[in-house]
Structure formats: C-alpha cells, structure tokens
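User: Please examine the structure below and answer a series of questions about its side chains.

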Amino acid sequence: MAGSVRGQVLNLYKNLLHLGRDYPRGADYFRRQLRKAFLQNKDVTEPEEIRALVQRGEFVMKELEALYFLRKYRAMKRRYYSDSD
C-alpha cells in the first residue's frame, strides 16, 4: 500500500516538474516553489492525508494545463483575428 502511494507522489512530482517548464515566472521559480511545497508535507504519514494532498496536486496540475491552453488560445486569437472582429 505504501509503495503505491509513494509512486503516486513521485509521479505527481515528475508531472508537475514537466509542466513547470512553461510557467510564466520561470522554471526555476516553479521548481523552488514545488520543492518547498513537497518538503512542507514530507512528514505526513497517514495514507488518507497523502491521498488528499495528491488530489490537491492533481487539481493544481489541471489548473496549470488550463492556464497554458488559455495562453496558447489567446496567442492564436491575436495572431489570426484582428481587433475589429
């Protein structure tokens, strides 16, 4: 049981690191904040608490993806549509 939770946490960390490469304030800033957030919760041992934190991390991942898609959409809209439309 603990192994699967550990795997989920590591997978979440890797996915967030990957998403952080395109963060508006920079990848280094994102990496520092991510590390800080994970270190704050390193002493959590209850599987239910860990699952709740993983769910929160997955929510953050989805929000980051939405932010990136919106940014890409806005750039495409500016590129292909004039302001008069």
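User: Which residues make up the largest nonpolar core?

Analyst: This is a predicted model, in which local features need pLDDT of at least 70 and side-chain atom pairs count only at pLDDT 80 or more, while totals for chains, interfaces and linings use all residues. Residues are numbered from 1 along each chain as its sequence is written, and side-chain values use heavy atoms, with hydrogens and water left out. A nonpolar core is a set of buried Ala, Val, Leu, Ile, Met, Phe, Trp, Tyr and Cys residues joined through side-chain atoms within 4.5 Å, where buried means under 20% relative accessible area, exposed over 50% and partly exposed in between (1.4 Å probe, protein chains only). The largest such core has 11 residues: Val5, Leu12, Leu16, Leu19, Phe30, Leu34, Ile50, Val54, Met61, Leu64 and Tyr68.

User: Which element gives the largest share of this core?

Analyst: Helices are DSSP runs (H or I, at least four residues), numbered from the N terminus. Helix 1, helix 2 and helix 3 each give two or more residues to the core. The largest share, five residues, comes from helix 3.

User: How many aromatic pairs are found, and what is the geometry of Tyr13 and Phe38?

Analyst: A search of the whole structure finds three aromatic pairs. Rings of Phe, Tyr and Trp (its six-membered ring) pair if their centres lie within 6.5 Å; planes under 30 degrees apart count as stacked, over 60 as edge-to-face and the rest as tilted. The centres of Tyr13 and Phe38 are 4.8 Å apart and their planes stand at 80 degrees, so this pair is edge-to-face.

User: How many residues apart are Tyr13 and Phe38, and which parts of the chain do they link?

Analyst: Tyr13 is partly exposed at 21% relative accessible area, and Phe38 is partly exposed at 24%. The pair links distant parts of the chain, namely helix 1 (residues 2–19) for Tyr13 and helix 2 (residues 27–40) for Phe38, with a separation of 25 residues.

User: Which residue lies over the face of Tyr29?

Analyst: Tyr29 belongs to one aromatic cluster with Tyr23 and Phe30. A charge sits over a ring if NZ of Lys or CZ of Arg is within 6 Å of the ring centre and within 35 degrees of the ring normal. At 4.3 Å from the ring centre of Tyr29, the residue over the face is Arg25.

User: Which side chains meet in a salt bridge?

Analyst: A salt bridge is a side-chain nitrogen of Lys or Arg within 4 Å of a carboxyl oxygen of Asp or Glu, and the count comes to one. Its two residues both lie in helix 2, three residues apart, about one turn of the helix. With 2.8 Å from N to O, the side chains are those of Asp28 and Arg31.
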